[in-house]
Amino acid sequence: MGSALLLALLAAARAVEPNLTDFTDYTDTYTSTLEPELEEKTPLFPTDLFTEEQRRSGAVLFHVVGMGYMFVALAIVCDEFFVPALDVIIERLAIRDDVAGATFMAAGGSAPELFTSIIGVFVSFDDVGIGTIVGSAVFNILFVIGACALFSRTTLTLTWWPLFRDCTFYSISLLVLIYCFGDSEIYWHEALALFSLYGAYVMFMRWNQPVERALKKLIYKNKVTRVRSTDQLMPTVSSPALSPHAPMT
């Protein structure tokens with residue numbers, strides 16, 4: 001009786017085993033097909049000269065000194081060569097200050113973000129570039145402008161047109177960027193659209209002043225100049241008693 005029950009259990013186990021084998025084969029096949037998609041690329045950073053134990057023992061100071069040296073070198077290059085070169089270009093091309101700040105100065109200030117994005121895409125295989133670009137733009141708009149106005153020792157004369165112009169293009173570019181990142185991939189035509197959008201911004205700067213005059217003329221065409229007082233418009237009549245030429249009685 002017991003042996004018959006045991007044989008029956010073994011037969012049932014053998015009958016179920018092919019199904020389990022098929023399920024295992026299906027799982028292995030499905031996993032192998034997903035391996036290329038799930039595989040993470042190894043960052044292409046160069047190997048460190050020091051081991052982890054050496055860095056913990058004090059070799060990390062060499063990295064700190066190297067970073068400090070790079071910061072000082074960057075400051076010297078920008079102050080002594082880059083900014084004067086931009087000043088000469090702006091002076092030779094006779095570009096207005098707001099246009100120069102939105103084109104040449106902006107490109108120079110965004111150069112670190114450009115190289116950060118290049119390293120993030122082609123070296124570290126990370127999306128750090130997107131956060132760097134968008135975050136630095138928010139930092140420039142909010143913190144830098146606020147700090148300049150807060151610590152300025154003179155009265156700053158500002159107009160609404162540069163802020164309106166740049167915020168309009170910035171909002172449009174963010175909407176296009178969100179659309180391009182909707183599927184988590186950037187295709188060549190989407191990259192071309194982003195380049196074209198920046199080209200349109202630069203071309204708009206060519207007609208920045210005429211557009212500004214036309215828009216302000218359209219806005220202020222029905223504006224009435226306010227007169228604070230009309231006393232100076234009325235003729236003054238001196239009283240005979242107070243007039244110096246009045247006859248004395």
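**A pocket between domains, and a helix with two partners**

Domain 1 (57–94) and domain 2 (110–157) both supply residues to the lining of the second largest pocket, so this pocket lies between them; the domain bounds come from an automatic or database assignment. Keep in mind that this is a predicted model, where local features need pLDDT of at least 70, side-chain atom pairs count only at pLDDT 80 or more, and totals for chains, interfaces and linings use all residues. Residues are numbered from 1 along each chain as its sequence is written, and side-chain values use heavy atoms, leaving out hydrogens and water.

The second largest pocket has a volume of about 370 Å³. On a 1 Å grid over the protein atoms alone, a pocket is an open set of points where a 1.4 Å probe fits, with protein on both sides within 12 Å along at least five of seven lines, and lining residues have an atom within 4 Å of a point. Helix H2 (52–93) and helix H5 (111–122) are the elements that give two or more residues to this lining, and H2 gives the most, with six. Among the lining residues are Met67, Phe71, Pro112 and Phe115. By class, the lining has nine nonpolar residues, two polar and one charged.

Now over to H7 (residues 160–180). Its axis and that of helix H8 (residues 188–206) come within 10 Å and cross at roughly 170°, which makes H7 roughly antiparallel to H8 (angles over 145 degrees count as such). The contact, meaning heavy atoms within 4.5 Å, includes Phe169 and Ile172 of H7 and Leu194 and Tyr201 of H8. It has eleven nonpolar, one polar and three charged residues.

How do H7 and H9 (residues 208–219) cross, and at what angle? Their axes come within 11 Å and cross at roughly 110°, so the two are roughly perpendicular (65 to 115 degrees). Trp160 and Phe164 of H7 are among the residues in this contact, as are Val211 and Leu215 of H9.

Definitions and conventions: Points joined across faces, edges and corners; volume = space filled by probe spheres on them. Helix = DSSP H or I, 4+ residues; strand = E, 2+ residues; numbered from the N terminus. Nonpolar A, V, L, I, M, F, W, Y, C, P; charged D, E, K, R; others polar. Axes fitted to C-alpha atoms, helices over the stretch in contact; angles between N-to-C directions. Parallel < 35°, antiparallel > 145°, perpendicular 65-115°, else oblique.
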